Amino acid sequence: MVLSLRVMAPNRIVWNSEVGEIILSTNSGQIGILPNHAPLLTALDMGVSKIRSGGQWSAMASMGGFAMIDNNQVTILVNEAEVSDEIDPIEAQKDYEVAQMELAKAEGRKRLIQEEEKEPTNWIDPLSKALTFVNHLPRLQE
Amino acid sequence: MASSSVRRGVSRLSHLLQNTSPLASSAHSCSGRCPGLSSGELAPFGSRMASSQIVRNRMKSVKSIQKITKAMKMVAASKLRGVQVKAENSRGFWQPFVALLGDHPDIESKKNVILTISSDRGLCGGINSTSVKFSKAMFTLSASEEPAKYVILGEKGKVQLQRDSKKNIQMVVTDIQKMPINFTQISMIADEILKNVEFDTIKIIYNKFGSVVSFLPSVATIPSPEVIARESEAGGKLEQLESYEIEGGDSKAEVLQNLSEFQFAAMLFNASLENACSEQGARMSAMDSSTRNASEMLEKLTLKYNRSRQASITTELIEIISGAAALEAAS
């Protein structure tokens, strides 16, 4: 008996084949799924899941989602996922550092936008008063 | 049809020329009567009727319109190809939700929210009007103690719904198409909606992309976590949910809430992509038919132009010959 596993991200199918065993990481710990598991619906944390297929274990990193298990059909819906053999460690390290810099920049800009959101109330009142005044001026004859 | 109006114009003008003497005033009066001349446009001096100059100007503008609409059609076709792939890939994302929770448009709910997805730009055929028509129909159908509320995505839907349902609009999101649609952006929008709008069910109204010529208005129903919990008890519509062991959170309610939010984001993602595909497809066919109309118009104008050119040549010949004959008769 095997489990048929489908892992889906919003823009592509990450995994679609039959496997022997899955280990998922949820926010209440890790769950092992073997064939003939009871129906289960669980939320997945951002983390690494392990999949055993044909005697080989592979790892998959996922950015949170849901897993539904019913009748040996496992469906995992994730925001984004990557299987370990598709990941290049050097590139991943570079991406990580770039992402950290962008995060710092974004935090700074977020604070700036929040400050700006408090500003508009200062000029919106005089502006609306000026506009209503203009609307009440007599219209020129054409 | 064009030729008979041209001939009528000629007879009207010849009547004018007999009655008024100076050429200047006839030019003025013929600008009011001459077909093809708009008010304020004076026929060039010495011309006789629906002048070839004016028809030529019209032909130039119709030709440039034809080129523009042809280019717009090709742009829409290339954009369609890109979005279509994404839309098809996103279909697999919400199907497990429907397999788990089913699709129950008739679920009982008091607070209904209608989410209309429309485009930001126009010239895309009738899809926005169809969406708005369906939203209004849903609005009247879902009448319960509280009137339903609108959440609108897209400029065109907002403009149309503001006309008569302004007080029922709760939230408007525009300019979504400034960058290509991706899941992160949609989940932010979904987040905002969930924060600011109370609902029992959300009905997403969008145009599902059938093919380049067929767009089906569709509605996707998303119940809130409380409704899911209520219906998953015995006798409700989501009874099969009970057979699932629910893990992964501190409580079943928390998992159901996350599930409902995720389902909403997934459905909204697919609905926006399908609507974007339909928009490009509708724009393609609208631009195609306007290109065809422009070439038909161009043909008619060419005939008109040739006739007017020939008529003016003939009148000049007649004048010359009658002048020469008069001289001969006098001598």
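The side chain of B:Ser278 reaches the backbone oxygen of B:Glu274 at 2.9 Å, in a predicted model. This is a polar contact, that is, a pair of N or O atoms within 3.5 Å; within protein, one must be able to donate a hydrogen and the other to accept it, and residues adjacent in sequence count only if both atoms are side-chain atoms. B:Ser278 lies in helix α8 of chain B and is buried, with a relative accessible area of 0%. Buried denotes under 20% relative accessible area, exposed over 50%, and partly exposed in between (1.4 Å probe, protein chains only). Apart from neighbours within four places in sequence, B:Ser278 is in contact with B:Ile127, B:Asn207, B:Lys208, B:Phe209 and B:Phe215, where contact means heavy atoms within 4.5 Å.

Residues are numbered from 1 along each chain as its sequence is written, while chains are lettered from A and ligands numbered from 1 in the order in which they are written. Local features need pLDDT of at least 70, side-chain atom pairs count only at pLDDT 80 or more, and totals for chains, interfaces and linings use all residues; side-chain values use heavy atoms, with hydrogens and water left out.

Chain B as a whole contains eight helices and six strands, arranged along the sequence as α-α-α-β-α-β-α-β-α-β-β-α-β-α. Helices (H or I, at least four residues) and strands (E, at least two) are DSSP runs, numbered from the N terminus. Of the 331 residues in chain B, 41% are buried. Among the contacts in chain B with a separation of 6 or more, 71% join residues 24 or more positions apart.

| Item | Value |
|---|---|
| Residues in the contact | 21 residues from chain B, 23 residues from chain A |
| Area buried between chain B and chain A | about 1800 Å², 70% from carbon and sulfur atoms |
| Salt bridges between chain B and chain A | zero |
| Residue pairs in polar contact (both at pLDDT 80 or more) | one |

On the side of chain B that touches chain A, the elements giving two or more residues are α3 (52-101), β6 (245-247) and α8 (252-330). Helix α3(B) gives the most, with seven residues. Buried area is the accessible area (1.4 Å probe) that two parts lose on being put together, summed over both. A salt bridge is a side-chain nitrogen of Lys or Arg within 4 Å of a carboxyl oxygen of Asp or Glu.
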